[in-house]
Amino acid sequence: MDELRIALLQLLPGHTQEENLQKGFAACKKAKALGADIALFPEMWNTGYFIPQDAAALRAAAIPAESDFVRAFSKAARELQMAIAVTFLEAFDPAPRNTVCLFDYKGREVLRYAKVHTCAFDLERVLTPGDGFSVVNLETAGGTVKLGAMICFDREFPESARLLMLGGAEVILAPNACPMELNRLSALRTRAYENMLAVATCNYPAGQPDCNGHSTVFDGVAWLPDEPASRDMCVLEAPEQEGIFVARIDLAALRAYRQSEVMGNAYRRVPAYGALLDPEVHEPFCRK
């Protein structure tokens, strides 16, 4: 597989889950018509990133991964012959999770990832965080790509993308729901640069509270052998407005780059990093 085309579904949510189902399905059909191999939703699409703080209302808003809503996108992936990464508030014990499910082009669930770094300082304090990062082989109609996921605030922790890189990920899917400004965009660029992988982020557009579009794809290739200077890894930055935006990732170039360049795992000094795994090590400004 030499090329991967990712559709970022930068959509405004409806008022009900049924509206989001219908709008999401229509967006997936359009993404397929635009040539996408994968369609990616913004964070927690089934509720439009609405997180009730009342325990009963929170449970009522959450849906299982086997729900009709989620499985409808499995069926859509199979019918459209296109992978779909759908996001939702997942029913879970003791409290719901912020989850993305990835279905391959045959409609098979290949990845279920729950946000590890929940925003416990804000509305997500009522959620259960995920417990790890997984990498899968995603089959598309054009071939196979190694892929993982992180969600929104996960990007602020280098460990998220680093673990996915160590697992072999070539592409990270990153659903999002927040204002994308210089510093957050820089964090995404850095995660792609330091790990030599592509990062595709899908945000809600302007009009959704506390969001402003600017979904992005950084392809992870900072230099090309026939170019004397570094290149801009940003192959797509969407405007603020609602829309479906398709980015092309040159996997052949990325794979060649990963074989010859010095980022990622090439020159790490693992024995020097022991303090990172010591639960007793806390800086004064860290919260336990």
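Which side chain makes a polar contact with the side chain of Asp104? The partner is Arg108, at 2.8 Å. A polar contact here is a pair of N or O atoms within 3.5 Å, where one must be able to donate a hydrogen and the other to accept it; residues adjacent in sequence count only if both atoms are side-chain atoms.

## Ground rules

This is a predicted model, where local features need pLDDT of at least 70, side-chain atom pairs count only at pLDDT 80 or more, and totals for chains, interfaces and linings use all residues. Residues are numbered from 1 along each chain as its sequence is written, and side-chain values use heavy atoms, with hydrogens and water left out.

## Around Asp104

Asp104 sits in the loop between β4 (97–103) and β5 (109–114). Strands are DSSP runs of E, at least two residues; helices are runs of H or I, at least four. Asp104 counts as buried because its relative accessibility is 1%, the cut-off being under 20% (1.4 Å probe, protein chains only).

A polar atom of the Asp104 side chain also lies 2.9 Å from the backbone nitrogen of Lys106. Leaving aside neighbours within four places in sequence, Asp104 is in contact (heavy atoms within 4.5 Å) with Ala77, Met82, Ala83, Val110, Leu138 and Glu139.

β5 and β4 belong to an open, mixed sheet of six strands, ordered β5-β4-β3-β2-β1-β12. Its edge strands, β5 and β12 (243–250), each pair on one side only; pairing takes at least two DSSP bridges. β1 (residues 3–10) and β12 run antiparallel, joined by eight bridges, and Gln10 has Gly243 of β12 as its bridge partner.

Conventions: Buried means under 20% relative accessible area, exposed over 50%, partly exposed in between (1.4 Å probe, protein chains only).
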